[in-house]
Amino acid sequence: MDDGYRNTNLYQGGREANQVSDDYRYQDGNYEGYAPNDGYYHGGDEPAHEEDAQSDVTEGHDEDDEVYEGEYQGIPHPDDIKEKQKKRAPAVDDEYRDRADLMAERMEDEEQLAHQYENIIEECGHGRFQWTLFFVLGLALMADGVEVFVVGFVLPSAEKDMCLSSSNKGMLGLIVYLGMMVGAVMLGGLADKLGRKKCLIISLAINAAFAFLSSFVQGYGFFLFCRLISGLGIGGSLPIVFAYFSEFLSREKRGEHLSWLCMFWMIGGIFASAMAWSIIPHYGWGFSMGTEYQFHSWRVFVLVCSLPCIASLVALKFMPESPRFLLEIGKHDEAWMILKQVHDTNMRAKGEPERVFTVSYIKTPKQVDEFIEIQSSTGTWYQRWLVRITTTFKQVWDNVLYCLTAQYRMNTLMLAVVWFTMALSYYGLIVWFPDMIRYLQEEAYESRVKIFDEEEVSHFTFNFTLENQIHRNGEYRNDKFIGMKFKEVRFEDSLFEECYFEDVTSSETFFENCTIISTVFHNTDLYEHKFINCRLINNTFMNQKEGCQLDFEEDNDFLIYLVSFLGSLSVLPGNIISALLMDKIGRIKMIGGSMLISAVCCFFLFFGNSESAMIGWQCLFCGASIAAWNALDVITVELYPTDKRATAFGILNGLCKFGAILGNSIFASFVGITKVVPILLASSALVGGGLLALRLPETREQVLM
């Protein structure tokens with residue numbers, strides 16, 4: 001490396017650092033150099049009296065000397081820092097200076113800090129600390145992946161358990177995305193003001209609490225509300241996770257390791273598919289308390305799916321706040337201690353515990369935010385909290401508007417289009433694929449239907465299952481239907497006279513234009529809506545079954561679990577390729593190339609007319625598109641400064657979830673009607689977004705602002 005800062009002799013110890021010239025220079029940008037007397041970081045060089053003071057650390061103090069308690073930890077004395085700040089202080093107090101001047105000074109400070117922080121992270125190295133944080137944040141990202149799949153897996157069971165209509169099922173499928181959309185914008189914005197760690201803990205706690213609660217609530221309304229709030233929590237975690245992890249990575253490692261982190265979303269999908277496959281079909285895993293409280297196996301599945309979120313929440317308590325965020329808000333000493341912890345942890349893991357963290361002072365940007373505080377002696381407690389909350393949300397809103405200022409407007413608008421087109425096509429297709437497979441299954445199932453015309457049956461006892469049958473113009477007199485199941489059975493223009501139905505369960509079974517006379521229905525689920533245009537004369541209905549009946553072992557569609565599992569697993573090659581090439585070919589080529597290849601895969605769906613073909617094209621599409629998702633995450637993190645990073649990511653991710661809602665709604669409406677509209681819409685969106693992405697600025701060589 002050409003950078004003089006990276007000279008291997010620079011960090012062999014505190015004494016060897018003095019070999020470096022005071023005229024420290026950057027080689028990667030517009031910086032000519034900074035004189036040591038400005039307080040700027042310069043590789044540990046200190047004036048002679050500071051070196052003498054450092055020797056006291058090892059040689060001891062006189063008994064009469066006052067000992068600064070942070071000296072042994074290497075923390076600069078506050079008086080020394082104040083003295084340096086006084087030397088750089090402007091002649092005029094800040095309150096009398098123009099705000100534009102203050103902002104210009106802050107911008108200059110931030111630019112200096114960006115380059116200094118990059119060099120500090122390089123000194124800290126990449127090791128045990130980053131890998132520990134990688135797995136902790138990976139569990140949070142895994143929870144996000146799980147959340148996307150949960151509702152889709154439980155719907156076939158929950159619709160029977162809660163007697164859901166088609167509109168209710170549709171709302172349940174979309175409500176999670178709606179919560180994610182709101183959570184991404186709201187919690188992402190708060191992370192830039194309250195801190196990455198604090199907001200991520202809040203986000204995961206909300207998700208864990210309401211995901212856990214949703215497995216126990218019985219009513220559809222409460223379940224819908226819990227999934228909405230759960231989605232809100234996990235939606236806020238995604239922008240925070242990437243902003244948080246990126247601030248512990250050097251420029252050379254950032255693209256690759258953020259891409260590796262994306263693999264946990266795939267792991268979340270695989271985990272959800274495997275758990276659904278192994279838990280939901282086992283009806284006996286649940287329990288019931290009469291007819292009022294049911295806890296079937298799909299609720300056990302919902303409970304298990306909250307485990308990654310809970311695990312990440314617990315592990316996160318042991319991780320520090322982002323030092324880059326702390327420096328941004330002026331908390332120099334806290335940031336310094338965390339960076340020293342990162343350095344020491346990595347050096348111990350590398351077998352070099354004697355390596356000294358040579359940074360003594362880090363540039364902090366000028367603080368120009370105006371906070372409104374009510375003193376503890378004035379106002380009531382809720383007035384003070386109201387002012388704090390109002391001020392915080394005003395600052396979040398200002399951050400949102402800042403992303404649309406002249407400096408960032410074009411990048412934000414182009415990224416918004418790319419995120420939206422990617423989400424519209426991807427989420428629309430991953431819902432359309434299982435629906436199309438299910439439609440093809442239904443077509444094949446209907447082709448095997450058995451038709452019985454004008455049959456006459458009398459004094460016969462039916463005690464077996466009737467499935468996929470149509471009975472037309474039949475006559476049934478004095479027959480008994482006892483302890484049996486009807487699956488996909490229709491009776492058309494038939495006569496039932498003096499028959500007896502007992503302990504009968506049915507699925508997609510209807511009586512159309514039938515005449516039913518003097519017939520008894522005891523303990524059945526043959527409700528009124530199953531008799532279409534029928535004449536009911538002198539019949540008796542007793543002890544009708546309550547709720548929706550379901551045989552879990554037979555009615556759940558194993559192929560849907562398999563399709564989701566294979567779709568999640570198919571992104572593994574794309575994840576590996578994108579991680580290895582992200583820093584070599586760049587973010588822009590990765591996005592554009594991936595989206596264009598995905599568009600080609602989407603176009604070939606015209607030739608998929610069987611279940612196996614649809615599964616194959618789904619796997620190919622998911623594997624090709626994952627590289628674009630990974631590159632989008634990386635470039636969004638790198639294009640915005642620290643105090644706007646999570647806000648911008650939250651806005652764009654919220655727009656992504658809005659695209660997912662539209663994609664789900666539009667694509668699902670064309671299942672069984674035509675393939676042309678979904679395929680052309682997805683292909684066009686991918687081509688347009690991919691071409692626009694090529695106009696974005698490349699960020700692989702720039703430091704994290």
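This note comments on aromatic pairs and a charged surface patch in a predicted model.

1. Aromatic pairs overall. Across the whole structure, the search returns 41 aromatic pairs.

2. Trp419 and Phe649. The ring centres of Trp419 and Phe649 are 5.7 Å apart and the planes stand at 70°, so this pair is classed as edge-to-face. Trp419 belongs to helix α14 (residues 409–447), while Phe649 belongs to helix α20 (residues 642–668); the contact therefore ties together parts that are 230 residues apart in sequence. Both Trp419 and Phe649 are buried.

3. Phe462 and Phe481. The pair formed by Phe462 and Phe481 is stacked, with 4.6 Å centre to centre and 0° between the planes. Because Phe462 sits in strand β5 (residues 461–462) and Phe481 in strand β8 (residues 480–482), the pair ties together parts that are 19 residues apart in sequence. Phe462 and Phe481 are each buried.

4. Negative surface patch. A patch of negative charge on the surface is made up of Glu442, Glu443, Glu446, Glu467, Glu488 and Glu508. Helix α14 supplies the largest share of this patch, 3 residues.

5. Glu443 within the patch. Glu443, one of the residues of the negative patch, is located in helix α14. Its relative accessibility is 39%, which means that Glu443 counts as partly exposed, since that class lies between the limits of 20% and 50%.

Technical notes: Residues are numbered from 1 along each chain as its sequence is written. This is a predicted model: local features need pLDDT of at least 70, side-chain atom pairs count only at pLDDT 80 or more; totals for chains, interfaces and linings use all residues. Side-chain values use heavy atoms; hydrogens and water are left out. Rings of Phe, Tyr and Trp (its six-membered ring) pair if their centres lie within 6.5 Å; planes under 30 degrees apart count as stacked, over 60 as edge-to-face and the rest as tilted. Helices (H or I, at least four residues) and strands (E, at least two) are DSSP runs, numbered from the N terminus. Buried means under 20% relative accessible area, exposed over 50%, partly exposed in between (1.4 Å probe, protein chains only). Patches are made of residues with over 30% relative accessible area and no salt bridge: like charges are joined within 9 Å, nonpolar side chains (Val, Leu, Ile, Met, Phe, Trp, Tyr) within 5 Å. Accessible areas come from the Shrake-Rupley method with a 1.4 Å probe; for residues, only the protein chains shown count as cover. A salt bridge is a side-chain nitrogen of Lys or Arg within 4 Å of a carboxyl oxygen of Asp or Glu. Lys and Arg count as positive and Asp and Glu as negative; His and the chain ends are not counted. The place of a charge is taken as NZ of Lys, CZ of Arg, CG of Asp or CD of Glu.
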